[in-house]
Amino acid sequence: MPLAVRVGSSTTIRSLLLLKAWSNQTLGNQSSHELARRAFFSSLTDSKPTVSCSGTVSSEPCLDGPTVIAVPLQDKPLIPGFLKPLYVKDPKVLAALQERKSGETPYAGAFLLKDDKDPSTDSSSIHQVGTLAQIISIQGEQVILIGRERLQITEMVGKDPLTVKTHHIKDKPYDKDDEVIRSTYFEVISMLSDVIKTTSLWRDQVQKYSQQACDSSHQNLAKFLLKKGRKLTEPGAGIFEAIDFNYQKLADFGAGISDANKHKIQEVLEELDVHKRLDLTLQLAKKQVEINKIQVFHASLFPESTAETDEDKKESSSAKEIKLSDKFRKRIEPIRENIPKHVLKVIEEELAKLDRIRRSYGRTDHILSHLDWLTALPWGICSDDNFDVVRAEKILDEDHYGLHDVKERILEFIAVGTLTGSPEGKIICLSGPPGVGKTSIARSVARALDRKFFRLAVGGLSDSSHIKGDRGVYLGAAPGKMVQCLKEVGTENPLVLLDEIDKLGKSSKDPEGALLELLDPEQNARFLDFYLDVPIDLSKVLFVCTANDTNRLPGPLLDRMEVIELTGYTADEKMHIARDYLVKTVQRKCGIKPEQVEVSDAALLSLIENYCREAGVRNLQKQLEKIFRKIALKLVRQQASAKAAMAELKSSGTAAEGSIELTNEYLRLAGGGPMSEKSRAVAEKVTIDDSNLSDYVGKPVFDGEKLYEQTPVGVVMGLAWTSIGGSALYIETTFVEEGEGKGGLHITGHLGRVMKESAEIAHTVARRVMFDKDPKNLFFSNSKLHLHVPQGATPKDGPSAGCTMITSLLSLALKKPVRKNLAMTGEVTLTGRILPIGGLKEKTMAARRSQVKVIIFPEANRRDFEDLEESVKEGLDVHFVDEYEQIFELAFGYDH
């Protein structure tokens, strides 16, 4: 049965009648009342009405209040649950907000200024109660915040930028069943409904939050208030469609959508008594209703005057938007001929829409932002390419030592650009271990071609919106990274580095598909950014990708790339890089003169072999920085000691003539401030050699990969490829027990599935080889064996240890060790064929570090070995095989 409620002229009486009708309904039908009441509550929050107000506690401050950057607000305070875009002009504040957004606590404090004309930036110039705001996005100077909780300043921590210590403040406890509070609640709802029907600005705000709000409570309330033609007293619509008795949310929502005096809204923010807060919001709404009545009455008497008054009221904002539209027109005028017709059409349509909405006083923020991006892009502006191969070769040699094959590939690419006039259509992928110079090579290519450089890190990227942009209907929407790139570099043909592309995140938002569209030459000529909603030509962009492991790249993505492999540096190459580049760079960064420090070649070699065996030089640079920081500390301490000694001599006043020279030396050392040239000359020169290296970088990380001078029975050295280079990999096999028919193999060492299968194949092949050599030997049939690969904490996988495992098993069966200083690698089939392996250079360098002289490689890798530098091949006795029988002869056919 619907509620029968008589509605009077007074809003307060109407609210009380509603409550009374509801109470009468309760007496008649308790169960239906309970169902209706639950429906009443469920539209806002999940909290039950029978429980006291959830989340309401005493207003005592939290003990662990946050320290936040104080963002001053001029127009109105930020109400919790509302979104606020603002422009931050102060670069220090902007940098601090950017740092907070990138960290673990992306929050700031939003506080209303007490006086707009007060230029001071201390805590006394802002209201003490504000809002803890989450930093959603930062695009240039525009910062978008979402209010979360009320804050109160307790003390000022820093002034530039203004940083304050705060504590959270909570609403005072209240009785939800209090009829006075309840009637005020219904009166606020009724009054807000009246206001949004007659006030376009309030209605626009409510419509925006009904479509998408930062707080689901606000969204539900906005939807409810916008329902037209259904009053609270209508059957099926009445109070059961209202929002839950969350009085704080209603009071905050009313203040948030209001365009009243900002200090009146601040009073709502500061009020912790929920009933008083509701009353303050009610007064704001009532005031607006009265203003509307006066305007209607005035318009009926003086319609022309009213129109002029409205125009005067909006004059300042309209003038501002007119200036902005003129700014956009002036911005595109010089490049109008270069802008594609379809883009120019959209710009003109947006400008016309801006004029229409401005005349009706609607909100134009999204249009202004859209136009700003459309007109800021470098339509038709390209930098002139430089395809001078000689100059490019010189730049590559200046920036990188070695990498001859890589440089040749890049020069070939540039040479093609010389003949065709453009290097378009190719996407380079630089693949290799960390620290080998992939990113710096991309920078060198950009410098050689005279192109602008932009780095886009895609490692961990799991949302296509980072590439394609957000759709304009979302709050805080922004263009994708490629549009931001074009705006930043100012040209249509930059070199864009897609860094760590093999670490692309996996999600349902399809980042892989967005990258495919970006990199495909057939598609990127009409690349669609969802925010701009117009096709953009990216075919002039030169894309360079980096990856540590191309096997992790999706097939369709890899198919569009020209892969250039960067293998690790040899010890000789690392020596040259350290001596000619790293030492000088680190010295300069630490403020140390070359004459103050000498790093010997023996120290560098020890650093490379015992501390920095990885393929790249990044860790080598870190170790050198560690050394020079300690030297800098030593020099500064010398200077401090000299100052102290000088002060002591001056204070004693009894220095003999013989100590005058010593005093002068102290004076030169303690010249005050930074060390003078003379004081540096006096300071003792620091020498780093092999004997004192451990004093600066600690004990060696690697003690040597060679575990045995002569490998015992059942042990053979293999060679493995790792993500940081190559390493020796011993295979150990031992006898467990013997008995007729007990033959078997137990495998340990944290091996992957492929390596376990290799062990099983090796066991089968070893049994066949043993049967061919000695049919009467039943060792494998009657022996239970245990095969282990040391360093069990390190995961291992791959097929190339097959020949090493067979040799280890046969060594145990024959009770004969393999020849001294032998290492091998290669995959084996069941028939004994040796298949090629990867990472040959890294494995060769690992063998050299282990002082191995004889290496066995698959025959199919002969060409790869011949292409290696002479410094890598020097002194090695390398054998190439294609059948295991050849390995057997090399390993066991010797005389000791």
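This is a predicted model: local features need pLDDT of at least 70, side-chain atom pairs count only at pLDDT 80 or more; totals for chains, interfaces and linings use all residues.
Local features require a pLDDT of at least 70 and side-chain atom pairs a pLDDT of 80 or more, whereas totals for chains, interfaces and linings use all residues. Residues are numbered from 1 along each chain as its sequence is written, and side-chain values use heavy atoms, without hydrogens and water.

The axes of helix 22 (residues 601-610) and helix 23 (residues 618-652) come within 10 Å and cross at roughly 130°. Helix 22 is therefore oblique to helix 23, a class that excludes angles under 35 degrees, over 145 degrees and from 65 to 115 degrees. The crossing of the two helices is right-handed, the near helix being turned clockwise from the far one by less than a right angle. Helix 22 contributes Leu-604, Leu-607 and Ile-608 to the contact (heavy atoms within 4.5 Å), and helix 23 contributes Leu-620, Gln-623, Leu-624 and Ile-627. Of these residues, 6 are nonpolar, 1 is polar and none is charged.

Thr-825 lies in the loop between strand 20 (822-824) and strand 21 (827-828). Because its relative accessibility is 1%, Thr-825 counts as buried (under 20% relative accessible area, with a 1.4 Å probe and protein chains only).

Key
Axes are lines fitted to C-alpha atoms, for helices over the stretch in contact, and angles run from 0 to 180 degrees between N-to-C directions. Helices (H or I, at least four residues) and strands (E, at least two) are DSSP runs, numbered from the N terminus. Ala, Val, Leu, Ile, Met, Phe, Trp, Tyr, Cys and Pro count as nonpolar, Asp, Glu, Lys and Arg as charged, and the others, Gly among them, as polar. Buried means under 20% relative accessible area, exposed over 50%, partly exposed in between (1.4 Å probe, protein chains only).
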